[in-house]
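Reader: I am new to this structure. Please show me how to read its features, one at a time.

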Amino acid sequence: MLVLQRATQPVRNQGRIGLAIAGGGPIGGMYELGALRALERAIDGLDLTRLDVYVGVSSGAFLAAGLVNRLSTAEMCRIFITGDHPDIRFKPRMFLKPAFAEYGKRAAALPGLAFDWCKSLITDPAGARMNEMMPRLTGVVPTGLFDNAPIARFLEGVFSGPGRSNDFRALERPLYVVAVDLDAGKAVRFGSKGWDGVPISQAVQASSALPGLYPPVDINGHHFVDGALRRTMHASVILDHGIDLMIGLNPFVPFNAKSDATTPEPKTKLADGGLPMVLSQTFRTLLQSRMQVGLEKYARQYPETDQLVLEPNEDDAEMFFTNVFSYSSRHRVCEHAFQSTLRDLKKNAKTLAPVLAKHGMRLNKTVLDDPTITLLDDIGPVSRRTATTAQLWHDLDDIEHALRSRKA
């Protein structure tokens, strides 16, 4: 589904574009990658690695950090879909490594708690109540099932490669990664002043620490969890930069089970799917509702900015019924997002075209009308790079971009 909110006041026409990418777990990230690939293929004049400002939350934070590091959507498809990137090896099992260190840390506290309770039972039998002990016993429950340290190490390797940087301060364009300070309940923008010294890899690890699945990430004495706890896209971060066009992606929307769409498991009531289905629908409803409220507020606060948001349709059974951690489904979901985004762009071409024209872009009719086009078409080979060849590639890319801009 394509949501377009046109500026209510004249756009500055400075050509400034910002990208906001929400979280959504691994599968949500694959949906966003497919949508980004479709945008890149179908909109002439849009270079996702050369936007003016980026913000990412959770899995969206990696995509944003990759793009600002000039990892194209083609390269990211090679990393996550085909697995044939020459420099980066992605292993899906890293997301599901048990948090043994967290288990051990919590278990180590159990004998002390048991001793204290037994001691109080002997010295003060009337005061040693189990209901009073229970709050203390909850401290031995692990804060996360899986270890997110391997994710940080993988990201550190990606962003430290030739031609890329793991340092916010060394990037050519502003990048913000949002996480929530668990003890304060407030959002923190890594990449902003005071927080730009944190490695990008660690910031993404913190932003994607979904409570219950991954332990909070300790950074400078603060414990951080998933940035989606406060807002869905945190688009205001880039809107504050005075951009002319905001592009947003949100992979989670509530599913309309009353629609005519065919679901993998035909059900007239989501409650028939049990608690997981109910929780999924509830979570998605909260995220989208919060985002819609935000967009309405942004329309008033930033009247000179056009806003374009892409998300699944309400009858998108593929996105609703696919397990968020089903890594074997990543190619299918990414292709699905690619095709559905192309359909949305074509369907809304008449209203979208004049908005894009204001910002120096246009829809590629050849791409939109091609029924055979696929996600992996035209991704091209990716060669292994050294620091020297990476710099040369950047310089040549800069020259090509400058020539295209002059021609336009």
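Author: Start with Arg37. Arg37 is buried, at a relative accessible area of 3%. Buried means under 20% relative accessible area, exposed over 50%, and partly exposed in between (1.4 Å probe, protein chains only).

Reader: What kind of model is this, and how are residues numbered?

Author: This is a predicted model: local features need pLDDT of at least 70, side-chain atom pairs count only at pLDDT 80 or more, and totals for chains, interfaces and linings use all residues. Residues are numbered from 1 along each chain as its sequence is written, and side-chain values use heavy atoms, with hydrogens and water left out.

Reader: Which side chain does Arg37 meet in a salt bridge?

Author: A salt bridge is a side-chain nitrogen of Lys or Arg within 4 Å of a carboxyl oxygen of Asp or Glu. Here Arg37 meets Glu40, at 3.1 Å, N to O.

Reader: How are Glu40 and Arg37 placed in helix H1?

Author: Helices (H or I, at least four residues) and strands (E, at least two) are DSSP runs, numbered from the N terminus. An α-helix has 3.6 residues a turn, so residues three or four places apart point the same way. Glu40 and Arg37 are three residues apart in helix H1, which means about one helical turn separates them.

Reader: How many salt bridges are there in the whole structure?

Author: A search finds twelve. One of them joins Arg16 and Asp52, at 3.8 Å, N to O. Arg16 sits in the loop between E1 and strand E2 (17-21), Asp52 in the loop between E3 and strand E4 (53-57), so the pair ties together parts 36 residues apart in sequence. Arg16 is partly exposed, at 23% relative accessibility. Asp52 is partly exposed too, at 23%.

Reader: Are Arg78 and Asp84 buried or partly exposed?

Author: Take them in turn. Arg78 counts as buried, at 12% relative accessibility. Asp84 counts as partly exposed, at 39%. Their side chains form a salt bridge of 2.5 Å, N to O. Elsewhere, Arg70, Glu172 and Arg173 are linked in a salt-bridge network.

Reader: How many residues has the largest nonpolar core?

Author: A nonpolar core is a set of buried Ala, Val, Leu, Ile, Met, Phe, Trp, Tyr and Cys residues joined through side-chain atoms within 4.5 Å. The largest has 81 residues; Leu19, Phe62, Phe80, Leu175 and Phe190 have the most contacts inside it. Helix H1 (residues 25-42) gives the most to this core: nine residues. Another core, of 20 residues, lies apart from it, with Val55, Val57, Val237 and Met246 among its members.

Reader: Which residues of helix H13 are buried?

Author: In H13 (residues 349-358), they are Leu352, Val355 and Leu356. Their arc around the axis is only 100°, which puts them on the same side of H13. That arc is taken from the directions from the helix axis to the C-beta atoms. The buried residues of H13 pack against several elements, including strand E10 (306-310) and helix H12 (330-347). After H13 comes Gly360, with a positive phi near 75°.

Reader: What is Glu314 in contact with?

Author: Contact means heavy atoms within 4.5 Å. Leaving aside neighbours within four places in sequence, Glu314 touches Pro254, Phe255 and Asn256. Glu314 lies in the loop between E10 and helix H11 (317-321). Glu314 is partly exposed, with a relative accessible area of 45%.
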